[in-house]
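Colleague: I would like to learn how to read packing features in a model. Can we go through some together, one at a time?

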Amino acid sequence: MLLLRWRTATLRLCTRRLYTFGLCAAIAGALFVDEARSQETRNPEPFYKGKRLTLLINFAAGGPTDVEGRVFAKHLAKHIGGQIIVQNMDGAGGVVGATYLGEVAPKDGTVAGYLSGTSWIYVSEPERFRVDFKSYEFVAYQPGTTVHFVRTDVAPGIKEPADIVKAKGLIAGGLSIDTSKDLRLRLGLDMLGVPYQYVTGYRSSPPARLALQRGEINMFSESPPSYRSIVEPQLVKTGQAIPVWWDEVKDPPPPQKQMEGLSIPSFPQLHKRVKGTLPSGKLWDAYNTLFNINSTLQRLIALPPGAPHAAYEALRAGIERLNNDKDFAAEALKVIEFVPDYPTGPDMSQRVRDMMVATPEMRAFVNDYMRNVPKK
């Protein structure tokens, strides 16, 4: 507004012949150029206009991260002015895709990660990342939880969550010994005093889920997107499996959008029901640490280190709009039965880095526990 008033006043002076014609033309031209530059600054060309963004998901198709990430990608595209394609890169509990993003992927903003389960693995063993994970550019995150479920035909028969303490010959399946959800499954069973065998090595949820259906394992864990869309309709409602608990550390549990409408006890509630007290001790401290790092940062939307700031800002602004997108909310409710919310902001990278910490003592304790895998 001040620029417009000054330009108008200057042009009036020119018409009163206070300046020569040539000088007036030069001043007027400069003013219009400055105004155009000001408009360009206020309304920059979208970074992704005419470009294609690859969204790298670090787990296989059909798993919870993939189900959720594809809904995210579909609706984010319209908010960044470009195209988005999804690429799955699974393996090593999500480490393969996460490290590829930092080591190999282009750093020009055309590849971003939709990463799950990576935070604790980094805190536990940062040396596995040749490119420091904390140097990635974190645009947004989504907190979440995990639902642990078991086959109903485990002896002597599992009819309700509290029956898990009676289980005989339980075989718990997982992705890798260092995966946070596998560790929380094991910690939960140990705190409940349930003997079990742990079988790992499934690259993603779909093959582990198939192994459970075949009876090769009889307990597994998935986050709510695939639990709601696949496990509940195919396994729970058919009577083949029953949910036992979901991961939470507070009692009573705070409101959790992902768990709305599901009548499943949180772990503290289940522990109190079968043991008479809330959980405590070193195993519970470890469970808390894992939950606070990996469940808080269950999903991370990240760019590789050194990505252009313009790409970061474009993604951040797009995610802010996505959080208020009614079409996204409607499809999310239809597909995964809850609406994800992605906290974001200009300082998100630093905020995420500050959350990925654990004391040396707790890190050592969990790493020792991780390697002490029960065989029978």
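Colleague: Which residues is Leu-170 in contact with, leaving aside its neighbours within four places in sequence?

Modeller: This is a predicted model. Leaving aside those neighbours, Leu-170 touches Val-150, Val-154, Ile-164, Leu-189, Val-194, Pro-195, Tyr-196, Gln-197, Asn-218 and Met-219. Leu-170 also belongs to the largest nonpolar core, which has 88 residues. Ile-164, Leu-170, Leu-189, Met-219 and Trp-245 touch the most other members there. Helix 3, residues 64-80, gives the most to this core, with 7 residues. Another core lies apart from it, with 18 residues, among them Ala-208, Leu-212, Phe-220 and Tyr-227.

Colleague: How is a pair of aromatic rings described?

Modeller: By the distance of the centres and the angle of the planes. The count here comes to 16 aromatic pairs. One of them joins Phe-129 and Phe-133, with centres 5.3 Å apart and 40° between the planes. That pair is tilted. Both Phe-129 and Phe-133 are buried. They belong to one aromatic cluster, together with Tyr-122, Tyr-136 and Phe-138.

Colleague: Which charged residues sit over a ring?

Modeller: Arg-186 lies over the face of Tyr-369, 4.4 Å from the ring centre. The charged end of Lys-282 sits over the ring of Phe-365, at 5.6 Å from its centre.

Colleague: Next, a loop residue. Why does Tyr-342 count as buried?

Modeller: Buried means under 20% relative accessible area. Tyr-342 has 1% relative accessibility, so it counts as buried. Tyr-342 is in the loop between helix 12 (326-335) and helix 13 (348-355). Leaving aside neighbours within four places in sequence, its contacts include Glu-68, Phe-72, Ala-140, Ile-301, Leu-322 and Phe-328. Tyr-114 is another contact of Tyr-342, and the two side chains make a polar contact at 2.7 Å. Arg-299 is 43 residues from Tyr-342 along the chain, yet their C-alpha atoms are separated by 8.9 Å.

Colleague: Now a helix. How many residues does helix 10 have, and what should they span?

Modeller: The expected span is 1.5 Å times one less than the number of residues. Helix 10, residues 282-295, has 14 residues, so it should span 20 Å. Its end C-alpha atoms are 19 Å apart, which agrees.

Colleague: And how many residues of helix 10 are buried?

Modeller: Helix 10 is mostly covered, with 10 of its 14 residues buried. Among them are Trp-284, Tyr-287, Leu-290, Phe-291 and Ile-293. Asn-288, Thr-289, Asn-294 and Ser-295 are buried too.

How values were computed
Residues are numbered from 1 along each chain as its sequence is written. This is a predicted model: local features need pLDDT of at least 70, side-chain atom pairs count only at pLDDT 80 or more; totals for chains, interfaces and linings use all residues. Side-chain values use heavy atoms; hydrogens and water are left out. Rings of Phe, Tyr and Trp (its six-membered ring) pair if their centres lie within 6.5 Å; planes under 30 degrees apart count as stacked, over 60 as edge-to-face and the rest as tilted. Buried means under 20% relative accessible area, exposed over 50%, partly exposed in between (1.4 Å probe, protein chains only). A charge sits over a ring if NZ of Lys or CZ of Arg is within 6 Å of the ring centre and within 35 degrees of the ring normal. A nonpolar core is a set of buried Ala, Val, Leu, Ile, Met, Phe, Trp, Tyr and Cys residues joined through side-chain atoms within 4.5 Å. Helices (H or I, at least four residues) and strands (E, at least two) are DSSP runs, numbered from the N terminus. Contact means heavy atoms within 4.5 Å. A polar contact is a pair of N or O atoms within 3.5 Å; within protein, one must be able to donate a hydrogen and the other to accept it, and residues adjacent in sequence count only if both atoms are side-chain atoms.
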